[in-house]
Amino acid sequence: MNLHEWLPLLILGSSLLTGICIFFLAEEQRGLRTFLNLAGAFIKLALVVYMVVGMARGETYETRFPIVLGFDFVLKADSLSLLLVGLSSGLWLLTTVYAIGYLEHWKNRSRFFGFFSFCVTASVGVALAGNPITFFIFYEFLTLSTYPLVIHRGSVEALRAGRTYLWYTMAGGALVFTGVVWLHVLVGSVDFREAGVLAVVDPSLYPSLTLIFALLICGLGVKAALVPLHGWLPVAMVAPAPVSALLHAVAVVKAGAFGIVRVVYDLFGVQFADQLGLLTPLTIAASITILYGSLRALTQDDLKKRLAYSTVSQVSYIALGVSMIGATATIGGLVHLVHQGIMKITLFFCAGIFAETVHVKAISNMNGIGRRFPLTMGAFTIGALGMIGVPPVAGFISKWYLGLGAMASGQPWVLLVLLGSTALNAGYFLPVLYRAWFRDPDGPWHEEGPVGRLEAPWMLLVPCLITGLLSLLTGVFAGADWSPLSLARIIAMKEYLP
Amino acid sequence: MTSWLPLLVLLPFAGAVLCLLVRGRGAPAIGVATSLATAALVLFALWSLQTSGPVRVQVGGWGAPLGIDLAVDGLSMIHLIMTAVIGLFISLYANRYYDGYRGGQKDRARELFWPFWLMLWGAMNALFVSADLFNLYVVLELVGLSAVGLVVLTGTRDVLGAGLRYLLTALAGSMCYLMGVALLYAAHGTLDLFAIGALIQSDGVSRAALMLMVTGLLMKTAVFPLHFWLPPAHASATAPVSALLSALVVKASFYILLRLWFDVFPGVTTPLLGNLLGLLGGGAILWGSLQALRQKRLKLLIAYSTVAQLGYLMFLFPVTAGMADGSSLWLQEVSKGTVCHVLSHALAKASIFLSAGLFILAAGTDQMSAMKGLAERMPLTVFSMALAAVSLMGLPPSGGFIAKWLIMHAVLGVGQWWWAPFLVIGGLLTAGYMFMMLRPAFLEPDPGPGLKPVPRLLEVCTLALAMLSIGIGISAANLLNLVMIGNPFSIPGGGW
């Protein structure tokens, strides 16, 4: 074994070991815990950067060993996994800082941060998994490591939400499990590969493959919150804000969406999936989800709930992009994986700041909040405008490519879906912005503690501003070589090679 | 070279006798020492098996059919190891557990636990290395009797009731088995496990023997609907005993069933019988899980979980029944999966019963409603429970996952897809009752009398078992290679 075989494992280990160590810390060892958290996050980020640089030079990184005879555990870095690995490890660092600030006065912090690290391990594992069984392992590990975070408050309500979350995700996991095992029986051990691996199978297997595709997509659709499998997501809002941020932007929904990308592109191959007629139902499901999520978001007064339904809607842009034939649509879907993550985490960070410092959770209480929190609300505004698709924020880039892709693939009706969603997004975000900036406050704010020089504790404020800025920069500099868009372009080119 | 084989049996027996003679405070010390020595011996046996392959010896040099034949292959070895590892941890645990125990007749329980347990260990070791049907009967009986002795240790009223029910079932089970043995002996004049396999024809006598022996063993393994004795017995015994019974004792009779299936009856089994057994397994999973979901007492829930989990073992039979090609990939795979399930369930279930014991030590009750706030007060115990639960649910990367994967793969591979829903739904139901069990632990604790502190050593033993049940998932490849030494799953005949 050399470094090329170890690196993917090390990237996982950097957060897994952090998590294990943190479990053994006492509640009072705050300094050590913070150090471990940040060290883990920085080491992971450094390793990822090292890997990216290596890959740019044409190196390959792969960990492979047998679990049982015939089943390999494979971690492999390819361009697609970079998209999610980069997103996870970057946002993990920011969310860790935010969470340390946010949970200052909470109980059971060692437990929280232990599972928090596990959660990121799982999400990076999902990204690096090189074959279906490895993917499944981390997909389930993600369920297990997020459950304790969802119920962290320990209230009856939190536990009820946890139960809903578990039933949905466990049932989804069972479907994925069935699909993966069945696939393995039919075609043996297969690795994910660009442009797919199943196109060569015997035509007599096509009906079975169709069923397997349905099983996998339904199972993954639970975490990706495809309607009607989205029920867990708004309920899971009882979790602490950093968890919601992580759940919605990086870990859970992205694992589902990323799984759909893997299945369509690297397992079936997009052309083969189209040949089997599997993509149109996915396009329709994604379109319905986009509109339904936005419609439901309109009527929510709870800020986090509104953001949750917005997630339901926005994540399906990814599924929409991958389900349309043509490189442009692919680029739109893939780049949204990153863009939605950065923008949505900004919004959740902001919601957390409002809730934690002045106890504002409902949109109807947000009148004039922009004066009390100009910076936070500024970041929120960038995120919200990005969600609507206003140029030059990142969300515009995604929508632009999705729209072009819809035309190129000969499905102009998708354009209507996108337009409708834009209108609805404007419908539920603009009133928030209007209240916050242009209305007068209803009265003095219920301050949690003394107001310092900054509008909020710096550990909460700084990550929020960074992600807000990133949402803007990834849009403005989308043409640069290092932007998510360029990476998505490279991936899309590979997926359509003959 | 092979003279160590009888020692595997004699050493625990000698320890048991010593414990009986010494009584009082000395018994635990002797018990723990014997456990350590036996575990070391098993380790040596493992080394010997890996260096010189499967062995067979004739004790006293008389040879079949008069003598006692002992044989060790990979399947025996994995069971010996399983018993030794779990037995060792339970021994360490029991040593301190009975000091803190608050139930009736504490001193008697502490003294008598050791002779019965060492007797049980010796008998199980004997069972795993026996190579003839009558010896198997004798040690099976011994396993049953010492297990009943362990159940009634505390002598309270409900324990005696459960113990009596257990005793009668165990006796009925062995009777059925013995009648089968008698039929086979009358027809073929030999009791050698592997010799009969070569002689046997698919005639009326063989079929009757098969039915009798399978029924008897199903009864002892507590396979639905013959499981009625298990929940009261496993739930009312003291925690270390519950762990032993659920983890190891039910697996002993299943081991004989495996041996019979592959070595004695391959020519006699039919797909019909296989499907029937598979159906019982499916029934066990559904019924056991649904019952577990209705329980209010922690130990009863765990006991019903055992009923459900044993169901997974039954899918081996429909997959392999009437299989002509003995080297079939699917046969190997389902067998490996089944053995993997035996192991991971044993480790997880032992751990979870020991966790329940810790909770009882601390709270003095096993009502799940009293578990409120446990995650805050006994985090290590709750963590162990959660790890064991992961393995029982069959989620990666645990041993339970590898087992479920292999069984599922084989079931779909031979085209018997109708067993797959049982496996999938079983996993979901397991998640249902396991999270129902863990749920109160995460609630805010009730104000009121706190929990008594429990010794750290006990928590460590519990955690170690839980981690092993996860760990075997990670090193499954090596373990399953070990099981295949001597090729125990081949049709027809054994490796000899």
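1. Phe317(B) lies in helix H13 of chain B, which covers residues 316-320. The model is a predicted one. Phe317(B) has 0% relative accessibility, so Phe317(B) counts as buried. Leaving aside neighbours within four places in sequence, Phe317(B) is in contact with Phe254(B), Leu257(B), Trp261(B), Gly274(B) and Leu277(B). Thr430(B) is another matter: 113 residues separate Thr430(B) from Phe317(B) in sequence, and their C-alpha atoms are 22 Å apart.

2. Arg259(B) sits in helix H10 of chain B, residues 239-264. Is this arginine, Arg259(B), buried or exposed? Its relative accessible area is 4%; the cut-off for buried is under 20%, so Arg259(B) is buried. The Arg259(B) side chain has polar partners. One polar contact, of 2.6 Å, runs to the side chain of Asp73(B). Another, of 2.9 Å, runs to the side chain of Tyr255(B). Not counting residues up to four places away in sequence, Arg259(B) touches Asp73(B), Leu75(B), Ser76(B), Leu193(B), Val264(B) and Pro488(B).

3. Two backbone features in chain B deserve a look. The peptide bond from Phe224(B) to Pro225(B) is cis, with omega near 0°. Pro225(B) belongs to the loop between helix H8 (204-221) and helix H9 (230-236) of chain B. Asn487(B) is not a glycine, yet its phi is positive, near 50°. Asn487(B) is placed in the segment after helix H20 (476-483) of chain B. With 35% relative accessibility, Asn487(B) counts as partly exposed.

4. Now chain A as a whole. Chain A holds 20 helices and two strands. The C-alpha atoms fill a box of roughly 70 × 55 × 45 Å along the principal axes. For 498 residues, a compact globule would have a radius of gyration near 23 Å; chain A has 21 Å, which agrees. Buried residues make up 64% of the 498 in chain A. Take the contacts in chain A between residues at least 6 apart in sequence: 80% of these join residues at least 24 apart. Chain A exposes about 16,800 Å², and carbon and sulfur atoms supply 69% of that area.

5. Helix H14 of chain A spans residues 327-358. Its 32 residues, at 1.5 Å a residue, should span 46 Å; the end C-alpha atoms are 46 Å apart, so the two values agree. Where does H14(A) bend? The bend is at His336(A), by about 35°. Of the 32 residues of H14(A), 29 are buried, so the rest of the structure largely encloses this helix. Just after H14(A) comes His359(A), with a positive phi of about 60°.

6. Leu220(A) is placed in helix H7 of chain A, residues 206-223. Its relative accessibility is 1%, so Leu220(A) counts as buried. Which residues does Leu220(A) touch, not counting those up to four places away in sequence? They are Phe135(A), Tyr139(A), Val176(A), Gly256(A), Gly259(A), Ile260(A) and Val263(A). For Gly259(A), 39 residues from Leu220(A) along the chain, the C-alpha separation is 6.3 Å.

7. Follow chain A past H7. The loop between H7 and H8 contains Ala225(A). Ala225(A) is not a glycine but has a positive phi of about 60°. At 1% relative accessibility, Ala225(A) counts as buried. Pro228(A) also lies in the loop between H7 and helix H8 (232-235) of chain A. A cis peptide bond joins Val227(A) to Pro228(A), with omega about 5°.

Definitions and conventions:
Residues numbered from 1 in each chain as written. Chains lettered and ligands numbered in written order. Heavy atoms only, no water. Helix = DSSP H or I, 4+ residues; strand = E, 2+ residues; numbered from the N terminus. Expected span 1.5 Å × (residues − 1). Bend = angle between axes of the 7 residues up to and from the residue. Buried < 20%, exposed > 50% of the residue type's maximum accessible area, 1.4 Å probe, protein only. Rg over C-alpha atoms; globule rule 2.2 N^0.38 Å. Contact = heavy atoms within 4.5 Å. Areas by Shrake-Rupley, 256 points an atom, 1.4 Å probe, with all protein chains shown as cover. Polar contact = N/O pair within 3.5 Å; in protein donor to acceptor, adjacent residues only side chain to side chain.
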